[in-house]
Amino acid sequence: MLEDKRIRIVTGHYGSGKTEFAVNYVINLAKSGKKAAIADLDIVNPYFRSREEKGRMERLGIRVVAPEGKFINADVPALPADINTLLQDESYQVVLDVGGDAAGARALGRYYPHLKDADYDMFIVVNANRPNTASSEAVIEYIQDIERAARIRATGLVNNTHMLRETTVEDVLRGQRVVEEVSRQKDLPVKYICAIERIAGQIPAGLAGEVFPIKMYMRPEWL
Amino acid sequence: MAKVLMKGNEAIGAAAIKAGCKFFFGYPITPQSELPEYMAREMPKAGATFLQAESEVAAINMVYGAAGAGARVMTSSSSPGISLKQEGISYIAGAELPCVIVNIIRGGPGLGGIQPAQSDYFQATKGGGHGDYKMVVLAPASVQELTDLLMEGFDIADQYRNPVMIIGDGMLGQMMEPVELREPKKRNLPPKDWATTGTGGRGHTNVINSLFIDPAECEKHNLKLKAKFDEMEKNEKKYEIYNCDNPDIIVAAYGTTSRIVKTAIDKCKDEGINVGLIRPISLWPFPYEVFEEYADRAKAFLSVEMSLGQMVEDVKLGVNGKKPVYFYGRTGGMVPVPDDIVAEIKKILGGAK
């Protein structure tokens, strides 16, 4: 994780688990002693956005850039100016949580002048249990759409195939087969294999990518 | 079909297409916009038609037209948009046309906000439009139940020639859960021999209308509708009874709120308090008798809602004065948390001792 580029852009299909991955990632960064920041670029989803966990992250010393105060639930496609700070201030280790699909990635397109020479990774998060990204062909199509809207290239893949609290090792492995096939065809490395903590220890060795245990921060206790 | 992960709004779309819905007329509004978006992408692939209308009023009248021609048809919106559709819903009920209307409820009144609410209960169950009409209103609590009830909803609509409403708070539209599309139990559906599909040598013309100038005729029509509503009341009640064997108190809650209540029930159990839940699944017809029956078992009832107290009125009608009925709610897009419900339960039981 510490070897990833300074700016980690998290994108993927709508509902692939980008936000949960992004929040876990930035919390891990902060816990490893880094000056960490996350920006919520999600202008597509109205609920379950990283800004909802602002309090938890700020208590860990993470800078959270998201619409302020009463605008937190404003249904408008506006982004805070502070995002530019994170892109330019090299003292920050940054996670950008981008909205889903090409529609969400379009918000990223405007930062292209800051990103093309900057030090960034763009991860594509994949959940093969989502009907629209169940095959490598479908995932590749999504990657192309997202890259076109974001105006930058993906640099890595994240297998986030799960079934929420019911996730089995087999779910993760089925997703891994899809993601490794995408990896071969697109020549993109598999960076992380996400798994809820209950099964993270059971993921077999020898797979492409590093096992990344996930805490379900975004899911309410009753859901 | 194996289980897949779907958001509520997408799952509604997938279930409607699976149920043979051929037309979707709608207009975007948060928090249900993923549904028209899904339909715009998926309906053409299924040989069906998606049309974004110029307004909610136009959309519901397109539903009237398609339903009159005998097609399976659906519209969806969120609270302010559903208010706009009320006139059309009344006309559809008056003209005896089957259709499915989905309301993914947000905070109100007025424009309100985009966060979840259950404050359209009165509008849905007590006739948001004008006139003596009723419609079956189903309130699922999970994405799986949402797809099950949506598919069954089309059958219910066809069986009675009446609109059916599916309601969910905004969270149900946005939450993601494992789901498997399953066929509903088979019903014997009457042929749509009333549809305006051309006479085809039939000898008489089918007319779809809700206008009765002669009051005696209009009353006769209303009595015919009433007989139909009585049938629905007899046949279409759905509810869940949870942990009600020996309860200190019974909570009434529906939809997403019932899941928050179940977590509160577990927390109460840890503290030695036994709490039951009656979850109405059909909000109309409302399971009044179930509340009356269980009134003998509990000290008190508590209705928990994301509103300032709407279903609680029906709970009181059901309990029928046998036991005190309390209310706890959050509103405007705020969601109750289990600990607050536990505190409310303790307050009531403390006071009852």
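**View 1. Helix H1 of chain A and its buried residues.** In this predicted model, the buried residues of H1(A), where buried means under 20% relative accessible area with a 1.4 Å probe and protein chains only, are Lys18(A), Thr19(A), Glu20(A), Phe21(A), Ala22(A), Val23(A), Asn24(A), Tyr25(A), Val26(A), Ile27(A), Leu29(A) and Ala30(A). Twelve of the 14 residues of H1(A) are buried, so the helix is largely enclosed by the rest of the structure. H1(A) covers residues 18-31 and reaches 20 Å from its first C-alpha to its last, close to the 20 Å expected at 1.5 Å a residue, the expected span being 1.5 Å times one less than the number of residues. Helices are DSSP runs of H or I with at least four residues and strands are runs of E with at least two, numbered from the N terminus. Just after H1(A), Gly33(A) takes a positive phi of about 90°.

**View 2. Helix H9 of chain B.** H9(B), residues 256-270, has 15 residues and reaches 22 Å between its first and last C-alpha, close to the expected 21 Å. Its buried residues include Arg259(B), Ile260(B), Val261(B), Ala264(B), Ile265(B) and Cys268(B). Gly272(B), with a positive phi near 80°, follows H9(B).

**View 3. The interface of chain B and chain A.** With contact taken as heavy atoms within 4.5 Å, 28 residues from chain B and 21 residues from chain A take part. The two chains bury about 2300 Å² between them, 58% of it on carbon and sulfur atoms, where buried area is the accessible area (1.4 Å probe) that two parts lose on being put together, summed over both. In chain B, Leu5(B), Ile114(B) and Met176(B) lose the most area to chain A, together 25% of what that side buries.

**View 4. A salt bridge between the chains.** Glu177(B) pairs with Arg219(A) in a salt bridge (a side-chain nitrogen of Lys or Arg within 4 Å of a carboxyl oxygen of Asp or Glu), the closest N and O atoms being 3.9 Å apart. Across the interface of chain B and chain A the rule finds three salt bridges. On the side of chain B that touches chain A, the largest share, five residues, comes from H9(B).

**Notes to all views.** Residues are numbered from 1 along each chain as its sequence is written, and chains are lettered from A and ligands numbered from 1 in the order in which they are written. Local features need pLDDT of at least 70 and side-chain atom pairs count only at pLDDT 80 or more, while totals for chains, interfaces and linings use all residues, and side-chain values use heavy atoms, with hydrogens and water left out.

Note on methods: Buried means under 20% relative accessible area, exposed over 50%, partly exposed in between (1.4 Å probe, protein chains only).
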